[in-house]
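Please prepare a short briefing on the structure shown below.

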Amino acid sequence: MDKNFAARRRRDLIIAAVLAALAALVPLFVKDVYVQNILILTLMYAALSQSWNILSGYCGQISLGHALYFGIGAYTTELLFTKFGVLPWFGMLAGGMIAAVIAMALGYPFFRLRGHYFVIATIVIAEIGLLLFQNWEWAGAAMGITVPVRGDSWLKFQFLRSKLPYFYFALALCCLAWFVTWWLEDSKWGFWWRAVKDNPEAAESLGVVVFNSKMGAAAVSAFLVAIGGAFYAQFLAYIDPESVMGFQFSLLMALPAVLGGIGTLWGPVLGAAILIPMTELTRSFIGGSGRGVDLIVYGTLIVLISLALPQGLVSLFSRSKAKGATR
Amino acid sequence: MGLLYGLIAVGLALIFGLMDVTNFAHGEFLMIAMYVSFFLFTFFAIDPLLSAPLVAAAMFVFGAVIYLLIVRFAMRAKTNAGMVQIFTTFGLAIVLRGLAQFFFTPDYRSIPQSWLGGKTISFAGIFLPEPQLVGALVSIAAFAGLYFFIHRTDFGRALEATREDPGAVALVGIDKNRVFAFGWGLGAGLVGLAGAIMAVFFYIYPDVGASFALIAYVTVALGGFGSVFGAFAGGIIVGLVEAMTALMLPPSLKSVGIYAVYLLVVFIRPRGLFGSM
């Protein structure tokens, strides 16, 4: 068993490295800006979903309020940049740290809640954040912040002529989130989290400090999501509260992980790779009518996938593997 | 207004609270009920007040059908049951919104004239808008009815038993699907009542449900899952808190008060005010 586990982890790492290398080569062949845009969003959502998966998938604390951390990352970066001239790179780190601190501060009372009460609390806190930002004059209120154009530069992480730098950053972020998950999966924390998810009382009695392990998961998860938010703000060069903190973001972060396989290493990547292009394509090919056909198609697909594969798309792979083993 | 929130929440209290099935399409049920009421008025000139029972009946069928066609299968999932329910009903909500846009267009509609619309009644020097007043009365009646139904009839007991242990229930000869389909129908029917009354004084558009759905969840959770009386109390508290926040903070922040009170309550009582689960 242990040997298999170690072998699987090594294989996962190799597959990830190959995939990342292949992904890095994609822009050599794909020059179309529209397609590049979809690829960037796919990578970003894969990274976000992977981060969400740490808290909600591995540790089992379903959060539908991660848009809060996403928005904090975006706003910290842009407020520091536009008001104080701090480079986005530092803003990004600051945003991540603030998000992690807030996640722990909120975790203190929140992690005592169970089930629906916890989920609703996470939705509600993100909604409070949204409303506060919409009414915060200094931060642009509902109008948001437009990032001033200063020309292409890595220093300011701003590129007008090409989307490639954004692509590589999104890829790097996705790899980082994947690697953090991979690394944590086999760490003391990873085992604690799974124990907490399966049976918190039993875990506690075996010496797992349930509360601390939830806090750790929340902090890591929030930090990575906030980095994603900072990236998104730089990528769009414009943010407003609804577009970075809206409830739909919390769902869009959770959806790839759920469709791909919640609490699995590959689920979020797989889910994002299928879901995000699907969303964008239905929107642009049949959404133009403005009559909601894209919504009908999109919603139907979500219903069908969640009903057909409750364990996510990843289960397709493991099922075929299990069959191979018995043969 | 609190009793109206209660009225919207009562259907959810049944589906989400008593049957423990997450329904993210609750707001969309409300939206459909409002449209049904609107079309009954436009094409057949039936006043929303009269059509309310019709809307409720239509929504009953709709809710039961949704359960039998979709939700039944979502509940079968052995793993991640909660997430499957969340995302199945979330997908359903998107489909319903898309369908509403497709057939009814995204235009804002309203019922221009009705028996109640725009009228006020003066009661001991306080002017109350009639639609809200009727909504409040219907709300009290609906809660009383549901309370009686759950605690005094065989069906209500069957419903709670089915949630607790579907396997044991099957052994004593209760068809789980029939009980839950009826429960979903009833929940949707109550939303139908709410929708018919809301249609009198609120704009009707495909996204209208979203703005009420979250407040409905908070109302149910505030009162505590599994408690009809809790949802009723939750509705009143939410209405009062909203009115008070509106006095102290700018109107755009009025929901903050509701959310803050929810957090405060569950921090002190992690199962809501009257929750049993």
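How many residues does the largest nonpolar core have, and which have the most contacts inside it? The largest nonpolar core has 204 residues, and those with the most contacts inside it are Ala170(A), Ala33(B), Val218(B) and Tyr262(B). This is a predicted model, in which local features need pLDDT of at least 70 and side-chain atom pairs count only at pLDDT 80 or more, while totals for chains, interfaces and linings use all residues. Residues are numbered from 1 along each chain as its sequence is written, with chains lettered from A and ligands numbered from 1 in the order in which they are written.

**Nonpolar core**
- A nonpolar core is a set of buried Ala, Val, Leu, Ile, Met, Phe, Trp, Tyr and Cys residues joined through C-beta atoms within 7 Å; buried means 20 or more other C-beta atoms within 10 Å of a residue's own, all placed from the backbone.
- H9(A) gives the largest share of this core, 15 residues.

**Helix H4 of chain A**
- Buried residues of H4(A), including Gly95(A) and Phe110(A), pack against H3, H5 and H9 of chain A.

**Contact between the chains**
- Chain A gives 34 residues and chain B 37 residues to the contact (C-beta atoms within 7 Å).
- On the side of chain A, H5, H11 and H13 each give two or more residues.

**Record annotation**
- An unreviewed UniProt entry annotates "transmembrane region" in chain B, including residues 6–22; that span is 76% helix and 0% strand.

Note on methods
A residue is buried if 20 or more other C-beta atoms lie within 10 Å of its own, exposed if 12 or fewer, and partly exposed in between; C-beta atoms are placed from the backbone. Helices (H or I, at least four residues) and strands (E, at least two) are DSSP runs, numbered from the N terminus. Two residues are in contact if their C-beta atoms, placed from the backbone, lie within 7 Å. UniProt positions are given in the numbering used here, feature names are shortened, and annotations may be inferred rather than shown by experiment.
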